[in-house]
Amino acid sequence: MKFKILLISVCLILLKLTCQASPKDYTITSPNAKLKMQVRVDDSITYSVYLNNNILITPSAIGMTLQGNVLGNAAKVSGTKSKTVNNTLHPLYGKEAILTDNYNELVINFEGNYSLVLRAYNEGVAYRFVTNFNEPIIVVNEKAQFNFSGSPEVVFPETDNYTVWEVPYVSYNSITAIGEGKKAITPTLFSYPQSKTRVIVAEADLLNYPGMYVKKQNGKLVGNWSKYPAEIKMGSWGDFVMQVAKTKDYISETDGSRAFPWRVIIATDDDKTLLNNQLVYKLATPAKLTNTAWIKPGKAAWEWWHDAMLPGSSVPSGMGNRNTKLYKYYIDFAANNNLQYLMIDAGWSDNYDLLKVNPKVDVKELIAYGKSKNVGVFLWCVASTLIKNLDANLDFLQSIGAVGVKVDFFDRDDQSAIALFEEIAKASAERNLMVNFHGCSKPTGLQRAYPNIVNYEAVRGAECSKWDYSANPDHHLLIPFIRMIAGPMDYTPGSMRNRSKEGFKPVDPGLPSSQGTRCHELAMFVVYDQPLAMLSDSPTEYEKYPDIMKFLGAVPTVFEETKVLDAKVGEYAVMAKKQGNTWFIGAMTNWEARTVELDFSFLKNDKTYTVDLYTDASNANTNAEHYEHKTIQVTKKTKLQLSLAKGGGAVAYLKM
């Protein structure tokens, strides 16, 4: 009898161990059934991603190492929940008035008070960990592998530090060609040319946690994060940048009950979809602001890029003459050309003391003068200076009537730096102040919770034309497909000194020029997402071309509808965006001249539209400033062939 009882007990134990050791598989698919994510729970948690039943990411381990606990090791499932969501979102502004928020979700709950949340949209798939601990936790590291099938081509926004996002993009013909230990900021692009498949690795809803990089480690690509700072010192340019002098041996100190950032995989076999993919926004925390009437995106005159020079003007200009009189000229220019704002950059106050105003610049008078002409004023500041006394500094900006603040030189994305973005956005919103982040890490959707964040830099932009050759048309046709996936970007277009590849040279100090044609530069105002858009060049230069200012005055920075007419990553983009009854079209090409077709079949039936069309002139390959402007009539049936010069472009705006 005892033997039988012992035998039964042994059998039960073996059965239990067998059941525990059996892997469990879970599958979640997109609403259109084209994308699929499979998760296996075994000794570790792994995921795979498929597009049209073709595997893109082979089993890749995910997990989190906490002090005293490892999420994902020998995980035991305690239950699951699934749901389908099909809602509509109504962003305060953007490139669509209405977004379809349609996804399938699966929550896998584990013993030990944590969960893995999976979502599948038509645009991509995502996962995140959620913990439910009573005490704060320390995250030693996170595991996120990206084991790609085969060896796709890669566009790597490569960096050797954790302090800069204005990086050039490095192209590799395969993952194997990336050097061991090299890392890139996200979003990062992977391509399978034969199947025309693109895969982008990104993240969303990054709150109080370090930003994710992609790193080559032991021959594979893995997530990588900066360590938690133990000591901060001031340094870098101007000795006002918060630099990490020492770090802890872990990446995060955080609440034990929280949701961690989404790890996002976007996959498509149609390049056009990348230009209007808003998955990062959809995954982000919903709006936290209720009173938003004061948030008004728009265009701004700006002095810094062209060194505040006004050639031909009777007003003394240049960086040494930045004073009240000079800035009034900019306000008048903005008022006369349908620009809503003036951005006053560095120099109006002390870099180390925001309240110590430059006596040459009567900020109160300027703001009052701008208000009389319906031109609001943004003011620049250093992030470290602003946060020394955040409330007092923002109270001051509010008291003098500024509409917003441009906060620069974060140069970090460790956990404590990421927390600053939300802190500044929240405190600014309490004072009805808009925010333009510069020297910042890439957006991950915080502008959804705080729509007073009207732009982010985090892109190798027009400023680099002052120093090197990296801001060129090849680069211009990568960033809208990759960086713009993350969110809006303050490239600061608008150069009127346009040069061919052979004719360009960096200029600093002085009046810089840009690479690509005049129409290429204008097209950025349509193709690029920039709720707050700078006009980077000198007002006196714009004033020479009333027809150019007709377009720049008319083109909005936010739209109700966006249609991508044609596109290929790194080569060309043709987009149409609507605001009210007016459509705006932008076309851009890289350094290769090409012909693109404008197909107007998206227009209303039985309507004739009047079109202002700006195209590269026949000699724009050699003289990039030359363009043609004409007015034509089109209908839904019209198709136009546009010849784009090397580094060329075209713009149009249509009215019924």
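Q: How many of the 15 residues of H7 are buried?
A: H7 is mostly covered in this predicted model. A helix is a DSSP run of H or I with at least four residues, numbered from the N terminus. Buried means under 20% relative accessible area (1.4 Å probe, protein chains only). Among the buried residues are Leu420, Phe421 and Ile424, and the count is 11.

Q: Which pLDDT do local features need in this model?
A: Residues are numbered from 1 along each chain as its sequence is written, and side-chain values use heavy atoms, without hydrogens and water. The model is predicted: totals for chains, interfaces and linings use all residues, side-chain atom pairs count only at pLDDT 80 or more, and local features need at least 70.

Q: How far apart are the end C-alpha atoms of helix H7?
A: H7 covers residues 415–429. The expected span is 1.5 Å times one less than the number of residues. So its 15 residues should span 21 Å. The model agrees, with the end atoms apart by 22 Å.

Q: Which are the edge strands of the open sheet of seven strands?
A: A strand is a DSSP run of E, at least two residues. Two strands pair if DSSP finds at least two bridges between them. The order is S31-S30-S29-S28-S25-S24-S34, with parallel pairing. An edge strand pairs on one side only, which holds for S31 (453–456) and S34 (532–535).

Q: What is the bridge partner of Lys406 in S30?
A: S29 (residues 404–408) and S30 (residues 434–437) run parallel, joined by four bridges. In S30, the partner of Lys406 is Asn436.

Conventions: Buried < 20%, exposed > 50% of the residue type's maximum accessible area, 1.4 Å probe, protein only.
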